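Hello,

Here is the structure we talked about. Please have a look, then read my notes below.

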Amino acid sequence: MNLVDDARALQGDLVQLRRVLHREPEVGLDLPRTQERVLEALDGLPLEISTGTNTTSVTAVLRGGRRSIDATQTVLLRADMDGLPVTEQTGLDFAAQNGAMHGCGHDLHTAALVGAAHLLSRHRDHLAGDVVLMFQPGEEGWDGAKVMVDEGVLDAAGRRADTAYGMHVFSCQKPQGRFFSKAGTLLAASYKLTVTVRGAGGHGSSPSTARDPITAMAEMITSLQTMVTRTFDVFDPVVVTVANVQAGSRHNIIPDDARFEATVRCYSPTTYEKVPAALRRVLEGVASAQRVEVDVAVAPEFPMTINDVDEVAFGAEVVSDLMGEDRYETVTHPMAGSEDFSYVLQEVPGAFIGLGACMPGADPAAAPMNHSPRAQFDDAVLADAATIYAGLAVRRLDKARSDNAAVAAGSDAR
């Protein structure tokens, strides 16, 4: 079985699929055109395909030719499919024109998993178990993974998946073609913080006759940053970023209300539990001092993405064997991004692996980051990504079969 060469033979088709997907990104849980493209790309393969009820997901099950009836293992491979509500500014000849953008590389994930489906189908007779292919909408804040988990994707093969793997490309930070990950917490948990400040409006020339919500809001934003460093351990950090501020109508009118939103990230269960109370304490304290009222909503978004120690080590081994030892890097620190693949890893041991897809000639340290309207991803990585998806499944099923045989042999010897 030569997955590397077989994947390279697919490279042209995968690039074409990726660019078709890139031209027509869809946002959220309802991705009808994307779902149609995926179904077309899987047509003719020996897959058991189902689609979602509450989202336009695609789940495909491949039964291996060497599966054991009484001890079949199942590996799940996941790719997300949705785009972002961002107007693309890349200037690519296949750039989206519909006001949305594949600014996080999900078009590459989808094309790579389609490639893995073709590779695994071609080598179906060698597969020592079942593979579930999870094509997921709604990763960008829509809890699409949780929707699919609730609809039974983990049991799509007729039994609970034993292991799950996901992959994510990055337009910056890492060199093109470099795979990377770490054991334990790889990605942060996140909250969405929404704050409404209620004061009493008045004339801008006489602020003492009003209760200004804008000055109170400004102090709150600054105080949140101070709170982070004075409440939480520097080695177990919290990130608070206020990215949406709304207030006022004219330069000389003090409004009644002001509002801001923030994203909050953290990396440990202990800190995750402490964050909401800490946020409220600071915001309510400033409100009291400034004679305004405040409504604080702290909404959980995603849990931490936690890699299983053994599975991420196995993933590193697969990358090193198939691509070369210089193609894998163990990173030291977790990243501040969040991922709803975390819902899968809460249920099934597995690993989430990053892949550098920086454009040729670009400096990874300076290239526009994922979610930027100028983010670009080199689709030359598609064949390698498909190889690793497929290699993880093939080798994990082989390992499980060998482990089961060893256990049985030991039992017979006793």
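**Salt bridges**

Glu36 and Arg33 form a salt bridge through their side chains, with 2.5 Å from N to O. This is a predicted model, so keep that in mind throughout. Both residues sit in helix 2 (residues 32-42), three residues apart, so about one helical turn separates them. Glu36 is partly exposed, at 35% relative accessible area. Arg33 is partly exposed too, at 27%.

The structure holds 25 salt bridges. Two others are worth a look.

Asp107 pairs with Arg18 at 2.8 Å, N to O. Asp107 belongs to helix 3 and Arg18 to helix 1 (residues 3-23), so this bridge ties together parts 89 residues apart in sequence. Asp107 and Arg18 are both buried. They also belong to a network of salt bridges that links Arg18, Arg19, Asp107 and Asp379.

Glu347 bridges to Arg160, with 3.6 Å between the closest N and O atoms. Here, too, distant parts of the chain are linked: Glu347 is in helix 8 (residues 342-347), while Arg160 is in the loop between helix 4 (144-150) and strand 5 (163-170), 187 residues apart. Glu347 is partly exposed, at 46% relative accessibility. Arg160 is partly exposed as well, at 36%.

**The annotated site**

Which residues does the UniProt annotation "binding site" cover? The unreviewed entry lists Cys104, His106, Glu140, His168 and His371. They are spread over 268 residues of sequence, yet they cluster in space, with a largest C-alpha distance of 13.1 Å. Of these residues, His168 is included in the lining of the largest cavity.

Cys104 lies in the loop between strand 3 (73-80) and helix 3 (106-122). Is Cys104 buried or exposed? Its relative accessible area is 8%, under the 20% cut-off, so Cys104 counts as buried. Leaving aside neighbours within four places in sequence, Cys104 contacts Leu84, His109, Glu140, His168, Val169, Asn370, His371 and Phe377. Three of the annotated residues, Glu140, His168 and His371, are among them.

His371 is in the loop between strand 16 (350-356) and helix 9 (382-413). His371 is partly exposed, with a relative accessible area of 39%. Not counting residues up to four places away in sequence, His371 touches Leu84, Val86, Gly103, Cys104 and Glu140.

Best wishes

How values were computed:
Residues numbered from 1 in each chain as written. Predicted model: local features only at pLDDT ≥ 70, side-chain atom pairs only at ≥ 80, totals over all residues. Heavy atoms only, no water. UniProt positions renumbered as here; feature names shortened; annotations may be inferred. 1 Å grid on protein atoms, 1.4 Å probe; cavity = no way out; pocket = protein on both sides within 12 Å on 5 of 7 lines; lining within 4 Å. Helix = DSSP H or I, 4+ residues; strand = E, 2+ residues; numbered from the N terminus. Buried < 20%, exposed > 50% of the residue type's maximum accessible area, 1.4 Å probe, protein only. Contact = heavy atoms within 4.5 Å. Salt bridge = Lys/Arg side-chain N within 4 Å of Asp/Glu carboxyl O.
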